[in-house]
Amino acid sequence: MYRFNFQPVFDNLDMLAHGAWLTVQLSFSAMAIGLVVSVLGAVAKTSGIKPLRWIVDAYVEVIRNTPFLIQIFFIFFGLPALGISMSPNTAALVALVVNVGAYGTEIIRAGIESIPQGQIEAGRALALSPVQIFRHVVLKPALRNIYPSLTSQFIYLMLTSSVVSVISATDLAAAGADLNARTFASFEIYLVLTAMYFLLALGFSTLFATLRRVFFDYPAGR
Amino acid sequence: MREFSSADVLFILMAIRWTLILSLIAFAGGAVGGMVLALARTSQARVLRWISMSFIQVFQGTPLLMQLFLVYFGLAVLGLPIDPLLAAAVALTLHASAFLGEIWRGAIQAVPQGQSEAATALALSYGDRMRHVVLPQAMRTATAPTVGFLVQLIKGTSLASIIGFTELTRAGQIVNNATFQPFLVFGTVAAFYFILCWPLSLLARRMEARMRLAVTR
């Protein structure tokens with residue numbers, strides 16, 4: 001009969017808490033930069049400039065059809081061949097940004113395309129300025145339409161970020177691996193680690209739900 | 001150190017079969033688990049709904065890597081030999097069950113309530129109602145997202161390399177350790193994954209577009 005031993009985990013909770021904090025930081029930075037990449041990608045895709053669209057299409061398809069693990073290997077181990085070397089933590093951030101940027105591009109493009117042309121024309125007929133039209137007629141409804149997919153993509157990003165520990169970037173999973181190498185209480189450690197990721201995901205979704213209520217909780221007009 | 005040769009490409013290419021086998025096992029297992037979860041999620045029994053919802057939330061709210069580690073080390077706890085293939089197959093099956101369960105729940109609920117009520121009025125049993133009325137219609141809605149999830153599952157099998165199972169990614173790492181040409185090696189591995197996944201992505205998108213057309217018509 002196996003005897004559980006959570007003592008090593010309890011003795012090192014501060015270490016795991018620090019790892020969780022690193023994961024939060026990594027996710028939020030990747031999210032923020034990834035959002036910029038996504039907006040640029042979506043604008044390029046809807047711009048009507050063909051070569052630009054092809055490049056973005058290729059980027060999105062390659063990223064969405066290859067595993068994140070291979071992307072991070074390629075960026076961390078492969079790119080130095082081209083003279084681009086980075087630390088594990090930088091490589092982790094870059095890989096996450098590149099990854100979420102591809103998914104985000106598609107989501108934001110869908111958001112832009114979800115606004116009927118007639119709405120913009122109606123805004124113009126009401127003598128709204130281009131800036132007003134963009135802010136009130138395009139941006140806000142578009143954001144509201146894509147908010148659910150965008151936020152679940154971000155939670156997925158946070159969960160995916162556990163993989164960065166394979167290139168020894170420092171995050172929650174790496175803290176767990178570190179502890180595992182010292183104490184060998186593998187099952188207990190990963191049980192607690194999984195619970196911590198679950199709580200992080202829960203925290204993220206609660207935060208996103210609150211933000212949704214603050215910004216988008218007005219009746220839907222159709 | 002030696003050159004990255006055609007023999008290495010062949011070695012990586014041969015490892016694709018393990019990626020495919022693992023994906024197929026997980027998909028088959030996930031289909032069974034997903035169907036059970038979807039039916040439980042849409043059933044009248046509150047306990048079943050609650051259990052299936054918790055299962056789905058836990059597996060969708062935790063990283064696949066942690067699920068893999070838990071099963072891998074959990075087998076040891078149960079006194080079973082730690083076999084990477086077995087661990088990966090079990091973890092990916094549970095993972096796929098949760099995602100397919102959620103996709104198929106949505107598809108079942110997208111079938112108009114009236115259909116189910118009409119079937120009840122015709123005195124069909126729950127089994128007949130599901131088999132002949134609800135599920136065939138739900139299948140149409142579910143096909144495109146199911147194919148889309150298959151891409152995610154194939155990509156997910158790459159994590160099995162971390163617990164030491166020699167599939168496509170691990171084969172790449174082995175070749176890289178011998179040749180030290182990471183740019184070429186991981187580029188090749190990425191290309192193989194792309195060749196596996198891209199057709200499925202295109203198929204899923206085409207089916208989705210056709211569905212949307214059918215709905216708006």
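This is a predicted model: local features need pLDDT of at least 70, side-chain atom pairs count only at pLDDT 80 or more; totals for chains, interfaces and linings use all residues.
Residues are numbered from 1 along each chain as its sequence is written, chains are lettered from A and ligands numbered from 1 in the order in which they are written, and side-chain values use heavy atoms, with hydrogens and water left out.

Start at the interface. Chain A brings 35 residues to the contact and chain B brings 34 residues; contact means heavy atoms within 4.5 Å. On the side of chain A, the most area is lost to chain B by A:Asn65, A:Ile70 and A:Tyr190, together 19% of what that side buries.

What holds charge across this boundary? The rule finds one salt bridge across the interface of chain A and chain B. A salt bridge is a side-chain nitrogen of Lys or Arg within 4 Å of a carboxyl oxygen of Asp or Glu. Here the partners are A:Glu61 and B:Arg205, with their closest N and O atoms 3.0 Å apart.

Which helices of chain A touch chain B? H3, H4 (68–78), H7 (130–160), H8 (172–183) and H9 (186–216) each supply at least two residues of that side. H9 of chain A gives the most, with nine residues. Helices (H or I, at least four residues) and strands (E, at least two) are DSSP runs, numbered from the N terminus. By type, the residues on this side of chain A divide into 25 nonpolar, eight polar and two charged. Ala, Val, Leu, Ile, Met, Phe, Trp, Tyr, Cys and Pro count as nonpolar, Asp, Glu, Lys and Arg as charged, and the others, Gly among them, as polar.

Now look at salt bridges within a chain. Over all chains, the structure holds eight salt bridges. One joins the side chains of A:Asp57 and A:Lys45, at 2.8 Å from N to O. This pair links distant parts of the chain: A:Asp57 sits in helix H3 (residues 50–64) and A:Lys45 in helix H2 (residues 13–46), 12 residues apart. A:Asp57 is partly exposed at 25% relative accessible area, while A:Lys45 counts as buried at 15%. Buried means under 20%, exposed over 50%, and partly exposed in between (1.4 Å probe, protein chains only).

In chain B, B:Glu102 meets B:Arg41 in a salt bridge of 3.7 Å, N to O. B:Glu102 lies in helix H4 (residues 84–110) and B:Arg41 in helix H1 (residues 6–41), 61 residues apart. B:Glu102 also forms a salt bridge with B:Arg105, at 3.0 Å between the closest N and O atoms. Those two both lie in helix H4 of chain B, three residues apart, about one turn of the helix. B:Arg105 counts as buried, at 17% relative accessibility.

Note on methods
Buried area is the accessible area (1.4 Å probe) that two parts lose on being put together, summed over both.
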